[in-house]
Structures are given as structure tokens and as C-alpha cells.
Amino acid sequence: MSKPAETKVTVPMLTVTDLKRVFDVSAPWLNRLLEGKGRSIVRAVDGVNFSINQGETFSLVGESGCGKSTVARLIVGLYEPSDGSINFEGVEIGSSVERAKHPDIQGRMQMIFQDPYASLNPRWRVGDIVAEPLRFRKLLPDNAAVDKRVGELLSQVGLSPLDARKFPHEFSGGQRQRISIARALAGEPEFLVCDEPTSALDVSVQAQILNLMKDLQRKLGLTYLFISHNLAVVYHVSDKVGVMYLGRLVEWADTQTLFDRPLHPYTRMLLDAIPDLDMTGRSRTPVAGEVPSPLNPPPGCSFHPRCPLANERCRRDVPKAIAVEGGAVACHAVEENRLPPWKAQAAA
Amino acid sequence: MMLPTARVIEFWRKTSDSDIYWSFTRSKLVMLSALITLIFFIGAFGAPWLAPHNPFDLASLELSDAFKPPVWEDGGDAKYLLGTDDQGRDLLSTIMYGSRISLMVGFLAVIFAMGVGITLGLVAGYLGGAVDSFIMRVADVQLSFPAILIALLVDGVSRGILGEARHSDFAEAVLVVAIGLSYWVQYARTVRGSVLVEKSKEYVQAARVIGLPGPLIAIRHVLPNVLGPVLVIATINLALAIITEATLSFLGVGLPPTEPSLGTLIRIGNDFLFSGEWWITIFPGAVLAILVLAVNLLGDWLRDALNPKLR
Amino acid sequence: MTSPKLLEVKNLRVEFPTRRGTLVAVDDISLDISAGEVLGVVGESGAGKSMTGTAIIGLLEPPGRIAAGEIRLEGRRIDNLPYHEMRKIRGRQIGAIFQDPLTSLNPLYRVGDQLVETILTHLPMSHAQARDRAVKLLEDVGIPSAAERINAYPHQFSGGMRQRVVIALALAAEPKLIIADEPTTALDVSIQAQIIQLLKRLCRENGTAVMLVTHDMGVIAETADRVAVMYAGRIAEIGPVQDVIKRPHHPYTVGLMGAIPAMGHKTERLTQIDGSMPRLNAIPKGCAFNPRCPKVFDRCRVERPDPMPAGRSQAACWLVKEPAHV
């Protein structure tokens, strides 16, 4: 405490090290035996490293099947990692055994899901849904206190305390997502994992939810892990961004750095693909090809079949992350200094 | 807190506004089925109060009244509306008491099958893996035998264990278990299928993130959401269970003649069918057929009404 | 404009009778598309944009029905044609691309056979000619080694490739108009860009007009010449795409544009329109947007505005008539 403020090192709230998760998607044993096929393994998350500081929003972006949602589910404990560590404020919670030793930590993290129509039990009243964490953890002495708290929570997310008596089907998609947020906030968590919370919503409702999430973050000092495929949304909400491709983190950086000076060719491709509202006549070069099947990823850098800069080494070796200003990137082209300048830089 | 009458009014307002009630009032056939089922239920369960005679009261039986034809035939007696059987029992009363036993056995068997099937289906679907494989393979094996065979097997085994004399004391319970065990597979399969769908939904994942233990999630969250299709099967199964009971009793392995169900009545009457006393077997048979048809029609309607795709 | 209209929709009204009363999904909308033009139709879910497209190709699912208005293709009324005549028009004169490519392709037929069948139904060609044309079409939509892939089944293509096949299928009989309903929504961002470019290029080359139905303003901005913004079954604003995006007149369009997170300049809060779009059974009196409108005044609550000229656009808003309230 005697140290001056400027030398204080911020300890990350969550640190993920070499996180891996494989899924066995093989056919049943008998089928494999008869058809003479081997096991098929999907490396959904293949060695991911990042850390999130208190009060920050860290976003993971990528196309479908890149493993971003799996990372989210690994962190909240819906899946168990195949390898690697998840460290929450110095406590290891990777394996389910370790996680079970720390129910307090499980209580400090919560999740908001993508589909507001599937994330609320259709047979429960809204009040019971929101109160579930309170009742299960016995956080409050009696029912009257629970009801009062549920009313507060509903008001906090912009609904009426009277809505507690209704059923989920009486609400629109945006309102359901508010209920989902109220439930997540009930146990007063500090860390929220948001898995595509607005991608099922219309733009005007998306704006409401994003504003609400930002307001809550400011008011309650929340830390977010934000999962999305929408770069514009990510740009708007996050402090740091990680870009995932086929189970690996190919680049991460401060939001401004990443969007101003993207390094990895895949990041550049994603930025290029954002439809241009300003219609400045920017020339777009859609990258050919599609995401390869995660069942059979290409060797070396998994992006090389689509990459304009790929060479022999890219086809052979998996690139290691190298630190750059404001973040890190895993690309041989960056390492070998043969990356063309990005448009914004070229124009300047 | 609402007053009870206010609650009833509120309940009725909601019911009469619901899609199910609307689809109910749209079909005359369904309403007719419901009416018939209701009349039979009242007749059966109200038998001790509504029946004109008590066929089990041996003192009131007069053998001279045996083989009376229905009242509109020559030699009919106004005392016996549908005639009498070989022991002089009033056929209408016997049918009412008989349906009571048939329905009771049917209901209990369905509840038993539901209990076993839902529990196993929920366990199999929620746990998955080896437990799931084991339960479902057992179900597959059982499905390859006709239900009546399973019921006969259970009945035979229980006779072996209990002995013939004690068996008749437990005849009803044995029937319930025998029929119940032959129909649980359907429930287990349906529930397992729905559980697999519901389990992957995000509200279940949300409950897991909150930290709820598995069994609690399965019972509190998953179970209420898989009961819709079960209700439909239960209705259709009620008809099946009644028929199975009748078949077993007809074959003579069901309820004893002292405690006749509809099936027993048909069997007894069968002996006299060709000697001219047709009514003894035809009336119980007709009651059985109409009851089963009405319940089945109700089940079909319920299945369609609860299926959002057909609405 | 002097060029003849390819498609004219006048006062179209689509109703869904239900037991709780009739729902009006599309309420008195008028729009037109010239040959070779791309008209974007944008709106939030339930705004009636897809229903408009479905009504035009005559595929409304019963009990939905066209209750009023007319649809003309090259001056000929097509909204009241018998089923078999409408079927000739579908495919031959109006092609369709839907959100999910799997629903447009028969999983049991090779894609080549589906293409050949469509071509033979509508164009006077021999089987061999049709097959050559099918290969040519697949090459046009960017399917590598088309001559071999023509024998593949739909499930052997990836999502993006499948949507390319659907586009080839829609273009097979050289229709004059394509109704594309959320053609890129189910696809990944990088694939979206490819499909949009492809659609644009093919339509320019063939002079095909497109009605592009989507919720994604970005896609519209890149693709469309004109855009119609729909709200609660009605057109809120329609005009050249530049004008609608840069100088919107209707407060709903203003709010919609502000709600899209913009790249380049980071804002602390997005503009938000409070509330949500009314359900079809509870559309408010007057202007349907009035309960959410920041500039609402008395007239909006009682009288329903029809689209009226506003600059180069048309906007259904009383502010256009009474600018004093702005």
C-alpha cells in the first residue's frame, strides 16, 4: 500500500492459459467398427491465451465454428477444458474438481445467452426465473426480501416490478434479453460472460441492450467477456479484442489499435467485409474461399489456404504469437516483416 | 389474495380464452367423445349409487331370473333393463360395476407405466452415455415383444410366486403392474427424446451456470417442459390399457368371475352367444368398444391441439 | 421517371384471419421497381417486409391472403392469377432466393438435375443445351470445377456454395426480377461480402431487377439503388439509398440509422429508440410509430400519415407537412 499509485500493477481478473478443448464427434463404436472408420476429433479450442482486467470488456470475434462460444462455456464451467488453465483472481478453476472447491467464485460469474427465446424456462414466471440464483444460494432471509430484490432487479434493467408475475412468452425478444440480464445480475456477480447477447435482436433493440449493458458496467463495475461475430458491435463495446480462427487466437489488441492497424490477414479480411454504411466507394476485396472444416483443419497456419501472403513456412509451421505494440499477433508474415501496409496507413 | 370464487372466474376466463378450449369447441366429434366418456365415467365410478341392483350382493340374486332378455324382447322384465346373465345378475348393473373395475385398472396401469417411463426416460436423457444406452436397449428389446405377451409373462410369474389362491386377492394389483410394465417404453422414449431437445436449450445451461445440481435441473426445469407429449400418450394409452385388461380377462388370466370386469363379462357371455343369449356378451362388448373409441378420439384431438405445427 | 415500371405494387394489403380477429401484416403499401434496379426493403422482424416479397411471388401461406390492392408485372396483373399460371411466372419471370439455401434445394436431387429441370421447364432447349447452360450458370456464380460439381448433391456444398447454387437456380430461366429474402443472413461475414458482390455483378450483367429484403442496413447501403423502410406493415420512408441513409426524414429511419454501431468514431452510447415495434394485434391509432417517436405531436396520435414527398424521398410522417414541429 505504500507504493505510489503509478507503479501499481493491475492484476488480471481472469487469465486463460493454453486453453484447449476437443470434442469427440465420432460415430458410435459399432458403426466405426463396421465401416472401418477411425475416431474424429474436433479441436474446438486449440491453445488460447488471454487475460481480462477488472472493469474491462474483452471481446472475442470470429466466424461461426471458430470456437469463441466454446471458450465462453469453458470459462463459466459448462464444459471442462481438455487442457490448459483458467485462473480467476489467482484461483485455478479449470477442472471441474477445482471449480467445485470454489462455489463462491462460480457465484461471482454469470452468463447471458444468445437466444432470448430459449434462455428462459417457458413454464416459469419471470419473478421465479430472476429469483432462482437468490433462492438457490439462499442469499436473502425470506420470500419478502427476495420479491423486493426481484422488483429492484427488474427496474434496473428497464422493466416493471409488476412484470414478475408474467410468463416469458408475454415479452418481446428485447424484453426477454432484459429478463436474462436481470437473472444474471441477481447474485451480484462481478464477471459476466455474454455470448452473442444481441445477435438475435433487431438493430434498434440491440442498441437498447448494448446501452443497458454499458450503463450497468459503469454503475456496478462489471467485467465483461463479450462474444460476437459483429465487428461493429465489438468495436462499440470493447476495450480489448481477440480475433479467433479455427480454435486459435490469431490476434489480440486494444480495440482502437486493432481497428486502426490490423495486422493479421484474417483480421484485415474481416474488417474489409463489414458492409460500408458511409458508401465512400471503398474498394472491397472479398477474400476467396470459406472456413475449412474444423474436423480437418489445414496444417501450419490454419488460415493459409485463404491468405494472400501464405508461403511455404505458413503451410508447414503453426505461427506463435508475437508481442506487438498494443497486443499480439500469430502470423509468419508479420514476423518476417512482409506485411503490406493497411489501407488507412497507406492513405495517410 | 383472491377470493376462491374470483379465482374460479379467473380460471374459467383463461380457460375459455385458451387455444385448447377453442379447438375443442370447433369439433362436434370431439365434444361428442368427451360427452360419452364423461357419461361412462359417471356411470362407472357412480355405480354403487346409480346402479339399479348390486350384482355382488349374493342374497338378492335369484337364479330363476337368469337369462332374462332385454326389456324390449319377448320375456323381458322391466326390473332388468338390459336383461340378466346366467346367474340372474342385472346386466346393466354388472356392466356399470365392470366398467368401474376396467377403468380403475386402466388408470392405475397408465399411472404406473407413466411413473416408470418418465423416470427412466428422464434419467436416460439427462445422464446420457452408458446409462442411456442401457435403458434404451432394454426398451428396444421389450418393444420387440407384443405388449400382451409381456403382460401374460408378468401375470404368469406372479401366479408362480403368489400361488393361485393368493393371486386372486392381488389380481387387480398384478394386472396393473402387468399392463403398466408392458407400456412404459413409449413414455420413456418420448420423454428421453424431449429431454435431449430441452437439455441443449439455453435455459438449462443458465441453470447450470447458477450452480444448480443436475438432478434438480432435471426435475425443476426439464421435466415440466417434456410433459406435454406424455399427456397425449397417456390418453391414448388409457384406451389401450383398458383393452389389454379386457383381453387378459377374456383369456381368463385377468380378474376372477367373482369380480367381473368388462373383459370377464364378455368371456362369460361368449359361452352363451350361440345358444341365443346374445345380450350377455354384446352389451359389455359394445360398451368397451364405444368407450375405447371415445377415449382414443379424445387422445387424437389432444395430440393435434397440443402440436403447434398443426394449429 | 420515364422508364416503364417492371413491377408495380399498389395499395397492397395482406391479412391473416385468426380467431382473435384479422391481423394486417402488410397495410396499404405501394412501391415499384424499374428494370435493372435494386430496391432494398429494410425493417425489423415483424415489419412485414418478407410478407411483401412472399405476396409478390404468390406464395402466401393460407390463411394469409391479399385483401386489397394489386400487383402488376410489366403492366399485367399477377396477384389474382390462378395457381398454375402463377407457377409459370415464378421461375420464368420472377426468381426467388431465400434465407436458408437448404429450403430452396431438394436434398434428394443432384444440383445439376435441379438446374436442368428449371431450365427445361421455362426455356425451349434440348436436354444437352440445358446441361451446358447449367454448367455455365454454376461457373458464373463462382463454383470451382463446375462441370464435376454439377453431379453433387446439395449437402456436399458448404453454406456459401449452396447459396451460390440457389442464385444460379434463381437466374436459370433469366427472370426479369429476383426477390431475395435475407439472402446473406445465414452466412458468415466474409461469405456475405462474396454473395453480395456476386448478386450485384450478375444482376448488372443480365439487367435483372432485384427486390432485396433484409434487416441489415449495411447490405442495403452497398447494394441497393433505392430503399423502402418498413415499420409495422407500412412503408415509413422510401427513396434513393443515399438520401435515406444520409438525410432521413422519418424519425424511425433517423433512429434506425443512429442505432447501428458505426465504425471509425466510437461513441459512449448508441442512439436508441425506446420500446419495441407493436405486435400486429395492437397497432396504435394514428401513426404506428407515435408511441416511440421523440417528435410526436397531436396529429400523429389521431391521423395516419401516408407517404408524402420529402426531398427526393417519400416519408409517411406529419413532420413533412408540418415542419414547425421539428
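Visitor: What do the side chains of A:Asp46 and A:Arg248 form where they meet?

Guide: A salt bridge means a side-chain nitrogen of Lys or Arg within 4 Å of a carboxyl oxygen of Asp or Glu. Here A:Asp46 and A:Arg248 make one, at 3.4 Å from N to O. A:Asp46 sits in strand β2 (residues 41-53) of chain A and A:Arg248 in strand β10 (residues 248-254) of chain A, 202 residues apart. Strands are DSSP runs of E, at least two residues, and helices are runs of H or I, at least four, numbered from the N terminus. By the way, this is a predicted model: local features need pLDDT of at least 70 and side-chain atom pairs pLDDT 80 or more, while totals for chains, interfaces and linings use all residues. Side-chain values use heavy atoms, without hydrogens and water; residues are numbered from 1 along each chain, and chains are lettered from A and ligands numbered from 1 as written.

Visitor: Is A:Asp46 buried or exposed?

Guide: Buried means under 20% relative accessible area, exposed over 50%, and partly exposed in between (1.4 Å probe, protein chains only). A:Asp46 has 16%, so A:Asp46 is buried. A:Arg248, at 23%, counts as partly exposed.

Visitor: Where do A:Lys148 and A:Glu152 lie?

Guide: Both are in helix α6 (residues 143-156) of chain A, four residues apart, about one turn of the helix. A:Lys148 is exposed at 57%, and A:Glu152 is partly exposed at 39%.

Visitor: How many salt bridges are there over all chains?

Guide: The search of the whole structure finds 51.
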